[in-house]
Amino acid sequence: MPRPTKLLIELLTELGEKSADQYVPEDRALFAELREATNLGLIRCAEKDPATGQWRVNIWYKKAVLAGFRLGQLLEQEGYNRFNFFDKQTVPTRQLYITNKVRLVPGGSSIRDGAYLAEGVVVMPPSYVNIGSYVGADTMIDSHVLVGSCAQIGKRVHLSAGVQIGGVLEPVGNLPVIIEDDVMVGGNSGLYEGTVVRERAVIGTGVLLNGSTKVYDLVRGQILQRQGEQPLEIPAGAVVVPGSRPAHGDFAKEHGLQIATPLIIKYRDEKTNASTALEEALR
Ligand SMILES: CC(C)(COP(=O)(O)OP(=O)(O)OC[C@H]1O[C@@H](n2cnc3c(N)ncnc32)[C@H](O)[C@@H]1OP(=O)(O)O)[C@@H](O)C(=O)NCCC(=O)NCCS
């Protein structure tokens, strides 16, 4: 019988605040509850406030995940026929079943227990989905994709081949990457350091966004960037492509140097919809 979520959150908050010498054996079972509740979508690392549309990060969640790593010892991982794997006992690989209705294509992918994958998700090999991440219904995780720790991915998102979604564990960072519903992320793009991509935005092939990136919105005449604790946010429906701007200083000028900077070239229109249409048959 699972504990009520509110009580579980209180216990996990306490767990996250404990130092290593305060752990008791029951803490491992408590951490298993975190994984199970995340598998079921009952608790999340970040949630959207329906009233304001703002994302609230549950810091207790990340702290509890870190406690989970501290709680574990290296242990031989069973169930793999050909290779031995060694990992902390508290962060095993998640076993999916046909009833999860996730299409997990054979060949070298790994999903950590404590990651939520909704029905209709497709995972192409090789991909890695780390602990604390949340992947909404009908999302495509194409080959060579990393869904980093605690990343929050919406419904019907397409993470194209080679997309890297950074996590919060290492290097140390508190803000998970958040990608809202119906976003298309083009091949080889990288989203890091708490970047928020609002619904229906399109991240073109090869765009890199992190906490230091300035994004120039050519349509609205704005420069978007992280403001203190407020992460970089790509507006709903924006179409972002790689761009460049002159680098500062005489040396740069002398040599005609540019620095990479993504551009919002347009907002989603019929043409974009046609370029990014998802293949129903794959769902
Ligand atoms: C962003 C994207 C979807 C195009 O969107 P679109 O709405 O069809 O864009 P358009 O073709 O109308 O282009 C509008 C303008 O932006 C430019 N542009 C569009 N995408 C661009 C890109 N990725 N890089 C540079 N410029 C780009 C076009 O050249 C055009 O410029 P112009 O106005 O000077 O002619 C597409 O470029 C893209 O990145 N798709 C992702 C493909 C991918 O990675 N697939 C992965 C499969 S695993």
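Helices here are DSSP runs of H or I with at least four residues, numbered from the N terminus. By that naming, Asn-39 is found in helix α2. Bear in mind throughout that this is a predicted model.

**Stop 1: helix α2**

Select residues 26-39, which make up helix α2. How far apart are its end C-alpha atoms? They are 20 Å apart. That agrees with expectation, because 14 residues at 1.5 Å a residue should span 20 Å.

Now color the buried positions of α2. They are Asp-27, Leu-30, Phe-31, Leu-34, Arg-35, Ala-37, Thr-38 and Asn-39. What covers them? The cover includes α1 (5-17), α3 (59-71) and β7 (116-117).

Stay with Asn-39 for a moment. Asn-39 has a relative accessible area of 8%, so it counts as buried. Show its surroundings, leaving out residues up to four places away in sequence. Asn-39 then touches Arg-94, Asp-113, Gly-114, Ala-115 and Tyr-116.

Step just past the helix to Gly-41. This residue follows α2 and takes a positive phi of about 75 degrees.

**Stop 2: α1 against α2**

The axes of α1 and α2 are 11 Å apart, and the two helices pack at an angle of about 125 degrees. The two are therefore oblique to each other. The crossing of α1 past α2 is left-handed.

Show side chains at the contact. From α1, select Leu-8, Leu-11, Leu-12 and Leu-15. They meet Asp-27, Leu-30, Glu-33, Leu-34 and Ala-37 of α2. By class, the residues of this contact are seven nonpolar, no polar and two charged.

**Stop 3: helix α3**

Which residues of α3 are buried? Trp-60, Tyr-61, Lys-62, Ala-64, Val-65, Ala-67, Gly-68, Phe-69 and Leu-71 are. Their cover includes α1, α2 and β4 (85-88).

**Stop 4: α2 against α3**

Keep α3 and bring α2 back. Their axes come within 10 Å and cross at roughly 130 degrees. That angle makes α2 oblique to α3. The crossing of α2 and α3 is left-handed.

Pick out the contact from the α2 side with Asp-27, Arg-28, Phe-31, Leu-34 and Thr-38. Across from them in α3 are Tyr-61, Ala-64, Val-65, Gly-68 and Leu-71. This contact divides into six nonpolar, two polar and two charged residues.

**Stop 5: Gln-73**

Move on to the loop between α3 and β3 (74-77), where Gln-73 sits. Is Gln-73 buried or exposed? Its relative accessibility is 52%, so Gln-73 counts as exposed; the cut-off for exposed is over 50%.

Draw a C-alpha to C-alpha distance from Gln-73 to Lys-88. The two are 15 residues apart in sequence and 4.9 Å apart in space. Leaving out residues up to four places away in sequence, Gln-73 touches Arg-28, Asp-87, Lys-88 and Gln-89.

**Stop 6**

Look at the peptide bond joining Pro-125 and Pro-126. This bond is cis, with omega about -15 degrees.

Next, select Cys-150, in the loop between β12 (146-147) and β13 (152-153). Its phi is near 70 degrees, a positive value in a residue other than glycine. Cys-150 has a relative accessible area of 0%, so it is buried.

Finish at Asp-182, in the loop between β16 (178-179) and β17 (184-185). Asp-182 is not a glycine, yet it has a positive phi of about 65 degrees. How accessible is Asp-182? With a relative accessible area of 26%, it is partly exposed.

Methods
Residues numbered from 1 in each chain as written. Predicted model: local features only at pLDDT ≥ 70, side-chain atom pairs only at ≥ 80, totals over all residues. Heavy atoms only, no water. Expected span 1.5 Å × (residues − 1). Buried < 20%, exposed > 50% of the residue type's maximum accessible area, 1.4 Å probe, protein only. Contact = heavy atoms within 4.5 Å. Axes fitted to C-alpha atoms, helices over the stretch in contact; angles between N-to-C directions. Parallel < 35°, antiparallel > 145°, perpendicular 65-115°, else oblique. Left-handed = near helix turned anticlockwise from the far one by under 90°. Nonpolar A, V, L, I, M, F, W, Y, C, P; charged D, E, K, R; others polar.
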